[in-house]
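Work through the following exercises with the sequence and the 3D view side by side, and try each task before reading its solution.

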Amino acid sequence: MTGAATSGAERHYRALESLYASAPVNSLFASELEIVGEGQARLTFDVTEASYHAAGAAHGTIYFKMLDDAAFYAANTLATDRFLLTTSFNLHFTKPVRKGKVVAEGRWVSGRKRVFVAESRLVDAEGDEIGRGTGTFMRSRIALSSLPGYLAGR
């Protein structure tokens, strides 16, 4: 990659991080997005009792949120013009989590034109995998350049 291509990619990655931070839903979660590189995203979440179900562990919605976001942003690193939409997501729970830092690692798998496939996994503070998912994402009609949160990162 040339320096210009690299800086263009870096601007896109920072703009995606800004977009994540600007989404109103993310004010409900102690989380942070880092775009690691093309096709790679990492989310760090702090799981607290506020996200528990009745049996005292994180509700599945938290797993879905973390896994979907990590896979989504990994895929959106390859789409520099359009916002992607989740069209399907399969999720597997492997271990309950109660409190602490959880990392969601997303990785693009295939697709570059209209449909993208990405996978993600959740790792708890002990280093154990607690969940895994695979999603498909489609280009929307929404231009990234039309989103104020995306522009803030550029």
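A residue is called buried when its relative accessible area is under 20%, exposed when it is over 50%, and partly exposed in between, with a 1.4 Å probe and protein chains only. The model is predicted, so local features need pLDDT of at least 70 and side-chain atom pairs count only at pLDDT 80 or more, while totals for chains, interfaces and linings use all residues. Residues are numbered from 1 along each chain as its sequence is written, and side-chain values use heavy atoms, with hydrogens and water left out.

**Exercise 1.** Find the salt bridge between Asp124 and Lys95, and decide whether each partner is buried, partly exposed or exposed.

*Solution.* Begin with the criterion: a salt bridge needs a side-chain nitrogen of Lys or Arg within 4 Å of a carboxyl oxygen of Asp or Glu. Next, locate the partners, using helices (H or I, at least four residues) and strands (E, at least two) taken as DSSP runs and numbered from the N terminus. Asp124 sits in the loop between β5 (115-123) and β6, and Lys95 in the loop between β3 and β4 (100-110), so that the pair links distant parts of the chain, 29 residues apart. Asp124 has 6% relative accessibility and therefore counts as buried, whereas Lys95, at 27%, is partly exposed. Finally, shared partners join Lys95, Asp124, Glu126 and Asp128 into one network of salt bridges.

**Exercise 2.** Which parts of the chain does the salt bridge between Asp81 and Arg139 tie together?

*Solution.* First check the distance: the closest N and O atoms of Asp81 and Arg139 are 2.5 Å apart. Asp81 belongs to the loop between α2 (60-76) and β3 (82-93), and Arg139 to strand β6 (residues 129-143), so the pair ties together parts that are 58 residues apart in sequence. Asp81 itself is partly exposed, at 41% relative accessibility.

**Exercise 3.** How many salt bridges does a search of the whole structure find?

*Solution.* The search finds 14 salt bridges. One of them joins Arg42 and Glu34, whose closest N and O atoms are 3.1 Å apart; here Arg42 is partly exposed at 31%, and Glu34 is partly exposed at 39%.
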